[in-house]
Amino acid sequence: MAATLDKVKARARGASATASVSIAALPLDRILRGDCIEAMRGLPAASIDMIFADPPYNLQLGGDLRRPDGSHVDAVTDAWDQFDSFAAYDKFTREWLTEARRVLKPQGSLWVIGSYHNIFRVGAMMQDMGFWILNDIVWRKANPMPNFKGTRFTNAHETMIWASMGEKAKYTFNYRTMKTLNDELQMRSDWVIPVCGGPERIKRNGTKAHPTQKPEALLYRVMLATTHKGDVVLDPFFGTGTTGAVARRLGRHWIGCEREAAYIEVAEERIAHALPLDESALTTMQSARSAPKVAFGQLVETGWLTPGATLFDRKRKHIAHVRADGSLLSGADTGSIHSLGAKLQGAPSCNGWTFWHVEHEGEVKPIDALRQLYLLATED
């Protein structure tokens, strides 16, 4: 019995040492310059916890896109999105997916975002390679670009495929965290999030630094749902560093692959300014009702309220701090804006939107005021 126990311990030490070597060998929190396929080939096998990929969409745009008034639309016309044929695009997709599968841990997961131009081709190849599709998430844009020609429906969404390594493979899904983020309702597979705009949209010399910059709220939700603090997230198409900035805020490690020097410069500057959240804000709920149109978590993931922000009741008798998943912490008590408010008052229920207040632009306001501002900002 003792000998058997010693063997078990020895195997555990060996596995731990192997895991440590893999982590030590990784270029954590760095951008790998150059082609993503070659960059991934340099990473150890089974070393990455989650991959978020925003590959070229192969949009096949024919000529300039112009508004009815004749002004030019800043669309994706860059060389990196252009392929000679579907066959060329498929070859490229198979190659990067092959490396993605090699570097993912057995319990890792892959996210790929795309439009109708490419996502069905990518999804079929993923299935052919053995990935198991867990969800297709519809990112419904709260403020999509209109269809100026009026010849088709307005493209108001993109699709994200979330997949595990196989049908029986284990994977990370922080179900309760997502439920808390959504005001104690199950998180659905249709996500209404505005496209990048305002101060979040990075510009250089008055023009967009990247034509397809993704909103941080999107990556915030993906990362909070399917990774843990300290996990390693790989983005093979790093662009201006949305994945890296959100990973740094949420206490995850990141690795990016990018070949465009202009994007790398923007990404490095952006990530350097992304402030990590403190430990108490990062600790998310393991358990957790609802606003009619907007969940409290949406205010957090879109930056209207930052994790660590202080909330209080009108008389400032109760103080609470916002955490990354939209839950609140008050002393040793945690809960949603509603459940924690009720608990602190010893009441059967509480409307957290009107109970909790925050200092905003020099004024004390109920957090419902921020909700209304958010709704106004995201109106079409």
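"Buried" here means under 20% relative accessible area, with exposed over 50% and partly exposed in between (1.4 Å probe, protein chains only). Everything below comes from a predicted model, where local features need pLDDT of at least 70, side-chain atom pairs count only at pLDDT 80 or more, and totals for chains, interfaces and linings use all residues. Residues are numbered from 1 along each chain as its sequence is written, and side-chain values use heavy atoms, leaving out hydrogens and water.

**View 1. Strand β3 and its two partners.** Helices (H or I, at least four residues) and strands (E, at least two) are DSSP runs, numbered from the N terminus. Two strands pair if DSSP finds at least two bridges between them. Strand β2 (residues 48-53) runs parallel to β3, joined by 5 bridges; look for Phe 52 with its bridge partner Trp 111 in β3. Strand β5 (residues 157-164) pairs with β3 in the antiparallel sense over 6 bridges, and here Leu 110 has Ala 163 of β5 as its bridge partner.

**View 2. Helix α7 and its cover.** In α7, 7 of the 8 residues are buried, so this helix is largely enclosed by the rest of the structure. The buried ones are Thr 242, Thr 243, Gly 244, Ala 245, Val 246, Ala 247 and Arg 249. Their cover includes β2, α6, β9 (232-235), β10 (253-258), α8 (261-272) and α9 (279-282). Just past the end of α7, Gly 251 takes a positive phi of about 75°.

**View 3. Helix α6 against α7.** Helix α6 (residues 216-226) packs on α7 (residues 242-249) at about 55°, with the axes 9 Å apart. That angle makes α6 oblique to α7 (under 35 degrees is roughly parallel, over 145 roughly antiparallel, 65 to 115 roughly perpendicular, and the rest oblique). Axes are lines fitted to C-alpha atoms, for helices over the stretch in contact, and angles run from 0 to 180 degrees between N-to-C directions. From α6, the contact (heavy atoms within 4.5 Å) takes in Glu 216, Leu 219, Tyr 220 and Met 223.

**View 4. Helix α7 alongside α8.** The axes of α7 and α8 come within 9 Å and cross at roughly 15°. That makes α7 roughly parallel to α8. On the α7 side, Thr 242, Gly 244, Ala 245 and Arg 248 make the contact, meeting Arg 270, Ile 271 and Ala 272 of α8.
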